[in-house]
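Q: I have a model open and want to learn to read it. Can we go through contacts, burial, helices and disulfides in turn?

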Amino acid sequence: MTRLFPIAALAASFMAIVPATAQTSGYYAATPATAPTKNTLITAGTLWKCADGVCGAAKSTQRDVIMCQMVAQRIGKLNAFTVAGAAFDEATLAKCNTVAR
């Protein structure tokens, strides 16, 4: 049983690091034109966390354009939207913003 202690300690230290990293990054990143009034929002079961003018979320089963549109509906026009680090081009972002509130 004492052999498992180092593994358990390593796992505990890793778990302490993961939440801090998860809050600042995500698969999606949405940069609204106007800072959101709330720190969190949910679109189709996906939790978004907003800080420093950018909202991020984990990967969803929805298509990327649909995810962008759902965020734009909730927080307004977006200046940028990225998926796995790749930014939407102007035409795709414009399509996304057609549903902005």
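Q: Leaving aside neighbours within four places in sequence, which residues is Gln69 in contact with?
A: This is a predicted model. A contact needs heavy atoms within 4.5 Å. With its neighbours within four places in sequence set aside, Gln69 touches Lys95, Cys96, Thr98 and Val99.

Q: Is Gln69 buried or exposed?
A: Buried means under 20% relative accessible area. Gln69 has 17%, so this residue is buried.

Q: Which helix does Gln69 lie in?
A: Gln69 belongs to helix α2. Several other residues of α2 are buried, among them Val65, Met67, Met70 and Ile75.

Q: What covers the buried residues of α2?
A: The cover includes five strands: β1 (28-32), β2 (40-43), β3 (46-51), β4 (54-57) and β5 (78-83). Helix α3 is also part of that cover.

Q: What follows α2?
A: Gly76 does, and its phi is positive, near 100 degrees.

Q: On to disulfides. What is a disulfide?
A: A disulfide is a covalent bond between the sulfur atoms of two cysteines.

Q: How many disulfides does the structure hold?
A: Two. Number the bonded cysteines of the chain in sequence order, and the pairing reads 1-2, 3-4.

Q: How far apart are the sulfur atoms of Cys68 and Cys96?
A: They are 1.9 Å apart, and the two residues form a disulfide. This pair links distant parts of the chain. Cys68 sits in helix α2 (residues 64-75), Cys96 in helix α3 (residues 90-97), and 28 residues separate them.

Q: Are Cys68 and Cys96 buried or exposed?
A: Cys68 is buried, and Cys96 is buried too.

Q: Why is the disulfide of Cys68 and Cys96 left-handed?
A: Look at the torsion about the S-S bond. For Cys68 and Cys96 it is about -95 degrees, so the disulfide is left-handed.

Q: What about Cys50 and Cys55: how far apart are their sulfur atoms?
A: The sulfur atoms of Cys50 and Cys55 lie 2.0 Å apart, in a disulfide. The S-S torsion here is about 105 degrees, so this disulfide is right-handed.

Q: Is Cys50 buried or exposed, and is Cys55 buried or exposed?
A: Cys50 is buried, at a relative accessible area of 11%. Cys55 has 0% relative accessibility and counts as buried.

Technical notes:
Residues are numbered from 1 along each chain as its sequence is written. This is a predicted model: local features need pLDDT of at least 70, side-chain atom pairs count only at pLDDT 80 or more; totals for chains, interfaces and linings use all residues. Side-chain values use heavy atoms; hydrogens and water are left out. A disulfide is a pair of cysteine sulfur atoms within 2.5 Å. Buried means under 20% relative accessible area, exposed over 50%, partly exposed in between (1.4 Å probe, protein chains only). Helices (H or I, at least four residues) and strands (E, at least two) are DSSP runs, numbered from the N terminus.
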